[in-house]
Amino acid sequence: MKPRDLGVRFAEADARERLRAIADVGTFRELAGPFARLTSPHLAAQGLVAQSDDGVVVGRGRLDGADVALAAMTGEFLGGSLGEVGGAKIAAVLERAVNGAVLVLDSGGIRLQEANLGILAVAEICDAIVALRERAPVIAVVAGRVGDYGGMAIALTLCSHIVTSEVARMGLNGPQVIEQEAGADEFDASNRVLIWRTTGGERRVTQGHADVLARDSCSEIAADVRRVFALPRNARRTSVERLRPIVDAAAATATITRHA
Amino acid sequence: MSDSRGTVWSRALMPDARDATAMPSVLVLDGTIAAQPWRILAVRPNPEARFARARGGELGLDEALALADALHAAPADAAILAVVDTPGQPYGLREESAGLHVAFGSAVEAAIARRSAGGPLFALVVGKAISGAFLTHGLQAGWIGALDDPGIEVHVMSAASVARITRETPAEVARVAAIVPATARDIRTFARSGAVDALFAVRDPLAPDADELARVRTALASARNAGAGLRPPLARLAADGAQTTRAAALRVRAHIAEQWNA
């Protein structure tokens, strides 16, 4: 049997392509885009060049006709880090969203160079996700090469549904930070098998930390987003009752096999 | 082992409180301040914690779930005070494999749910307030107070970790912090962002005296009576300090507000 054509790979697409692929054809309208000249004021003093969109693209569009907010990161600018401008963009569209939102997260965490302003933005984003979610779906897509770490990984868990792929991974601390802080004996950041086996998209769906494992395809991810958009929220993801046995099992595990 | 800053302040603020602690590393106290019911929550060290990387006061898997439980199960009429003093989150494979971000999400969820349902949330920063641990324990509060003390640290990472990542000397890190306030870690700079509602002078942060405690209690009671514990994080952008420190965020929001229906 001939394998089905997956079309454009989601992981290879940039933020605007990702949002155009998800929104109803021709409906995505970018807001606070590159021509608005809203760049980070904090980077030049640290010897870094700001980017015209600060690594985050946001806007308004339709999803099966519903009027939704859309936001995407590509993970390319400064490691997919979230700074003041990018954080404010995401919070602002979530606060204005009418019938729901789609967040494409590809984030290495809060931007070290804008530290505390990034933290404040994530607190606002978490609150905005929950406020919107009470009246309309907030769908997260984590299917990029960086995955989702740090503050935006906490925000991720609050979303109504999470669509991911085998390409992606999710966690609080990334392998490099753990290796640096706790040593390679704790987490060897070059051990890709270990990283995906413990934190990869497929594992997160099996665990119940994410909802849908999509193939790395723009059209398939767009279809999955539409499908879960019509479903009631997965409220169990962050319930203590569900998480307690997972944490107990982790505590009872003496060591995690580091080599397959 | 001497008591942590978080333990000292929690107990001193409500000396007659009932101890409702379910797990040693998350102190839960039910008592009264100015004749109103409060529940104080503080993460503190426990050298016997079952996760080795969360024995020094870090907010780990067990601590996050205990915070979520304590928020859900708090007396209905109690205001919550998160006493913040944590070096951050544990860096471990076991934690990541289990899903530390989801455990944190459960505590954030519980805090937002409580505030949204009319339960006031307050935070008092008495020690370190680092990154995900601060997002999970403190930053969803409607009102944040802090000690005006050089031992307070607010950042996304410990100073030592930042130095390892950036390979910068402490002098270089300090030079950048002086010109880019977002990267500073002292409480006075953080307060200038509009995120801190009150700073409290203290002589010895490990031994608050009666006057110092009375000032904090009075501030908490009047903030509660003013409804400050119900404000969403977004309200911080309206603070005076935010108008200059967070000017870029305000510009972005103004732009999107204008273009949304254009």
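This is a predicted model: local features need pLDDT of at least 70, side-chain atom pairs count only at pLDDT 80 or more; totals for chains, interfaces and linings use all residues.

How many of the five residues of strand 8 (residues 161–165) of chain A are buried? Five of the five are, and the strand is accordingly described as mostly covered. In a regular strand the side chains alternate between the two faces of the sheet. For strand 8 of chain A, both faces are covered, with A:His161, A:Val163 and A:Ser165 buried on one side and A:Ile162 and A:Thr164 buried on the other.

Elsewhere in chain A, helix 1 (residues 15–22) is mostly covered, with six of its eight residues buried; these are A:Ala15, A:Arg18, A:Leu19, A:Arg20, A:Ala21 and A:Ile22. The buried residues of helix 1 of chain A pack against strand 2 (56–63), strand 3 (66–73), strand 5 (101–104) and helix 8 (218–229) of chain A.

A:Ile195 lies in helix 6 of chain A, and A:Ile195 counts as buried because 21 C-beta neighbours fall inside 10 Å, where the criterion asks for 20 or more. Leaving aside residues up to four places away in sequence, A:Ile195 touches A:Arg169 and A:Pro175. From A:Ile195 to A:Gly174 the separation is 21 residues in sequence and 9.2 Å in space, taken from C-alpha to C-alpha.

The next topic is the contact between the chains, to which chain A gives 67 residues and chain B gives 63 residues. On the side of chain A that touches chain B, at least two residues each come from helix 2 (84–96), helix 3 (115–133), helix 4 (151–156), helix 5 (175–182), helix 6 (192–199) and helix 9 (240–252) of chain A. Helix 3 of chain A provides the largest share, 13 residues, and the residues on this side of chain A divide into 37 nonpolar, 19 polar and 11 charged.

In chain B, helix 11 (residues 247–259) has 13 residues and reaches 18 Å from its first C-alpha to its last, close to the 18 Å expected at 1.5 Å a residue. The buried residues of helix 11 of chain B are B:Ala248, B:Ala249, B:Val252, B:Arg253 and B:Ile256. They lie on the same side of helix 11 of chain B because they cover an arc of only 135° around the axis. The face turned away from that buried side carries the exposed residues B:Ala247 and B:Glu258, whereas the cover over the buried residues of helix 11 of chain B includes strand 1 (29–31), helix 2 and helix 3 of chain A.

Helix 2 (residues 61–72) of chain B, finally, has 12 residues and reaches 17 Å from its first C-alpha to its last, close to the 16 Å expected at 1.5 Å a residue. Helix 2 of chain B is mostly covered, with 11 of its 12 residues buried, among them B:Leu61, B:Asp62, B:Glu63 and B:Leu71.

Conventions. Residues are numbered from 1 along each chain as its sequence is written. Chains are lettered from A and ligands numbered from 1 in the order in which they are written. Two residues are in contact if their C-beta atoms, placed from the backbone, lie within 7 Å. Helices (H or I, at least four residues) and strands (E, at least two) are DSSP runs, numbered from the N terminus. Ala, Val, Leu, Ile, Met, Phe, Trp, Tyr, Cys and Pro count as nonpolar, Asp, Glu, Lys and Arg as charged, and the others, Gly among them, as polar. The expected span of a helix is 1.5 Å times one less than its number of residues. The arc is that of the directions from the helix axis to the C-beta atoms.
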